[in-house]
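Open your viewer and get ready to click along.

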Amino acid sequence: MTRAASRPQVRRVYDPPRPGDGLRVLVDRLWPRGLSKADGHIDEWPKSLTPSTGLRRWYHAAEGDAYEEFRRRYEAELAGPEAAEALARLRERAREGPLTLLTASKEPDRSHAAVLVELLTG
């Protein structure tokens, strides 16, 4: 039985798990520094949903406010067949219950995780 989807939440992977997290999905391409796999409490790690290495490096090196351009480029990457399939699977999982996207980003609201939330709920 499928229940109404709630909006996925974004949390830092370094924060301790909460009872309402539901499915915990790491959405970073690289494993977070200093975090053991046991301490991460990660249920899934779909690397095809993560920004490419080139895009990630570009965004971190960009000067000024490059978020909107990053967002546009990332959405273009997510339109590829493998990423689109993984996004569809994650959207289905979000319909089944609570979903928490985990990232090491210091600004989760201006990261790829925020883009994913919008694509999952839009």
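**Stop 1: where two helices meet**

Select Tyr67, Phe70, Arg71, Tyr74, Glu75 and Leu78 in helix 3, and you will find them meeting His112, Ala114, Val115, Leu116, Glu118 and Leu119 in helix 5. Here contact means heavy atoms within 4.5 Å, while helices (H or I, at least four residues) and strands (E, at least two) are DSSP runs, numbered from the N terminus. By class, this contact holds eight nonpolar, one polar and three charged residues. For these classes, Ala, Val, Leu, Ile, Met, Phe, Trp, Tyr, Cys and Pro count as nonpolar, Asp, Glu, Lys and Arg as charged, and the others, Gly among them, as polar.

A word on what is on your screen: this is a predicted model, in which local features need pLDDT of at least 70 and side-chain atom pairs count only at pLDDT 80 or more, while totals for chains, interfaces and linings use all residues. Residues are numbered from 1 along each chain as its sequence is written, and side-chain values use heavy atoms, with hydrogens and water left out.

Now show both helices as cartoons. At what angle do helix 3 and helix 5 pack? Helix 3 (residues 67-78) packs against helix 5 at about 60 degrees, and their axes are 10 Å apart. Axes are lines fitted to C-alpha atoms, for helices over the stretch in contact, and angles run from 0 to 180 degrees between N-to-C directions. That angle makes helix 3 oblique to helix 5 (under 35 degrees counts as roughly parallel, over 145 as roughly antiparallel, 65 to 115 as roughly perpendicular, and the rest as oblique).

**Stop 2: the whole chain**

Zoom out and colour by secondary structure: the protein has five helices and three strands. Along the sequence, they follow the pattern β-β-α-α-α-α-β-α. The C-alpha atoms fill a box of roughly 45 × 30 × 25 Å, taken along the principal axes.

**Stop 3: two loop residues**

Next, select Glu107, in the loop between strand 3 (99-103) and helix 5 (112-121). Is Glu107 buried or exposed? Glu107 is exposed, with a relative accessible area of 51% (buried means under 20%, exposed over 50%, partly exposed in between, with a 1.4 Å probe and protein chains only).

Finally, pick His41, in the loop between helix 1 (37-40) and helix 2 (53-61). His41 is partly exposed, at 43% relative accessible area. Although His41 is not a glycine, it has a positive phi of about 50 degrees.
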